[in-house]
Amino acid sequence: MTNVIAEIKKDYLYNLFLKGERADGRAFDQYREFSVERNLISKAEGSALVKLGSSQVLVGVKMQPGEPFPDTPNRGVIITNAELVPLASPVFEPGPPNETGIELARLVDRGVRESKAIDLEALCITPGKQVWIIFIDVHILDDCGNILDAASIGAIAALLTTKVPASKFGLGEDYPLPVKDIPIATTAIEFGDVIMFDPDSDEESIANTKLTVLSTADGSICGMQKSGTGVLRQEQIYRIVDIACEKAKEIREKFLEE
Amino acid sequence: MKMIAMDGSNISFFKEGLRLDGRRADEFRPLKIEVGVLARADGSCYVEMGGNKVIAAVYGPREVHPRHLQEATRAIVRYRYNMASFSVEERKRPGPDRRSYELSKVSREALEPVIFTSYYPRSVIDVFVEVLQADAGTRTAGINAASVALADAGIPMKSMISACAAGKVADTIVLDPMKEEDNFGQADMPIAMTPTGQITLLQMDGHLTKDEFQRAMELAIKGCRDIYEIQRKSLIEKYNQLGSELAVVQEAEVL
């Protein structure tokens, strides 16, 4: 399911883009205001509510001991899930996650995993028998565009507040989850050779190409995904990657200030 | 055989400048493409790339079921990437999982930009890809096979799509990583593109600096261009052969 947008609005937006403007007055590489509220779910080991413009995403982290995967007996496990619940958008439907939800969850997961933000070996309790399992659950509350970037900010923010619940399972004192990096997802859309970051839902529904770049604190790339039925040229991709790494840096800095 | 450590830290990926299977860094594995391998499908293609064995079938344009999925102005494209349970070392539980949902989505989006879907409103073009044996690079092998199968089915397309991955192992950018390099390497980046250089699929995981990323991109693009030539040849070969058979039949009729 996709948003339907009136032709006249599409025209209006496109004419604005040609003049170098956006409907809400932002520059093409400008993010909407965002805020992060931490630890508002006391039942969760860590949580964060991210507001990116009007988009709202809640991420909760739960941890419990469990069995490791047979091929990685001394490493903890990360399981990321995303719920695109019908309260968040007229086009979300109840039922098992569809491919959009699965892609979103896998991208959030890729950011955390590939940046090596979590030291999985430190989460081993008894090699081959018991390790910590981290469940990162992304709950979309209001989809006003670019929920992926909001979810990625939410995931790392929630992990940064996470306390390993060791005492609950008789495994010693609780301690904060060690987090070593802050991976940030930055998403751009392409529309008639205009590259635009942090698209709102109208912008998302008229563009048919999206590129998400996941980057780490050292300014390198730890993941990428093109999605949508459009095409991108090599130099467009390079341009997006350049701006994306810069934007991620800004977001990371703002994030650490708070 | 040498034991491989769990984290692969003691593997040496290069021996005298060559990779574990004797390739140079900028070479892809032997690629074999066979067109029209299935009788029932409208178009089909079998691709072998190194240890990967992939078969693709195209059905359609045909009626959409369930009907609520149909679009009034264009054909929809469905792509199903499926791994056989015996295709990997540890038996894979049959049926779709989250990985295959994601791969199906991005693969579909890699092919859709070149298909003239507006020619066939209210219909569906189904692409089914079965991975029979996997050895890293199945999504790109699947896209290569699917693209040839679409052409074989006579689906009008702007161009072919060719796909190839580049990766990073032991700080070296390599083309078309195989299993060991994918598992224990530092990055993997599959792309798909048209012969004119429009990129329709781009994914990446691992760790690349911006400079490494650009070098990987250049290498993968070069790989796609070479693969395109092989795809093209395989189609020409099949239809040339059909053409000469037809000529024989026509000659017989004249006599």
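## Basis

Residues are numbered from 1 along each chain as its sequence is written, and chains are lettered from A, ligands numbered from 1, in the order in which they are written. Because the model is predicted, local features need pLDDT of at least 70 and side-chain atom pairs count only at pLDDT 80 or more, while totals for chains, interfaces and linings use all residues.

## Where the chains meet

In this model, 26 residues of chain A are in contact with 26 residues of chain B. Contact means that the C-beta atoms of two residues, placed from the backbone, lie within 7 Å. On the chain A side, β12(A) gives the most, with seven residues. The elements that give two or more residues are α2, β12 (221-227), β13 (232-233) and α5 (234-257) of chain A. Helices (H or I, at least four residues) and strands (E, at least two) are DSSP runs, numbered from the N terminus.

By class, this side of chain A has eleven nonpolar, eight polar and seven charged residues. Ala, Val, Leu, Ile, Met, Phe, Trp, Tyr, Cys and Pro count as nonpolar; Asp, Glu, Lys and Arg count as charged; the others, Gly among them, count as polar.

## Strand to strand

β13(A) and β11(B) pair in the antiparallel sense over two bridges. Pairing requires that DSSP finds at least two bridges between the strands. A:Arg233 stands opposite B:Gln198 in β11(B).

B:Gly206 also lies in β11(B), which spans residues 198-208. B:Gly206 is buried, because 21 other C-beta atoms lie within 10 Å. The cut-off for buried is 20 or more such atoms, against 12 or fewer for exposed and partly exposed in between, with C-beta atoms placed from the backbone. Among the residues that B:Gly206 touches are A:Glu114 and A:Cys222 from chain A, and B:Lys168 and B:Gln186 from chain B.

## Helix to helix

The axes of α2(A) (residues 99-114) and α1(B) (residues 98-111) come within 9 Å and cross at roughly 105°. The two helices are therefore roughly perpendicular, a term for angles of 65 to 115 degrees; under 35 is roughly parallel, over 145 roughly antiparallel and the rest oblique. Axes are lines fitted to C-alpha atoms, for helices over the stretch in contact, and angles run from 0 to 180 degrees between N-to-C directions.

A:Glu99, A:Ile102, A:Glu103 and A:Arg106 meet B:Arg98, B:Tyr101, B:Glu102 and B:Lys105.

## A helix in chain A

Helix α1(A) covers residues 7-18. Just after α1(A), A:Gly20 takes a positive phi of about 80°.

Technical notes. The expected span of a helix is 1.5 Å times one less than its number of residues. Lists of a residue's contacts leave out its neighbours within four places in sequence.
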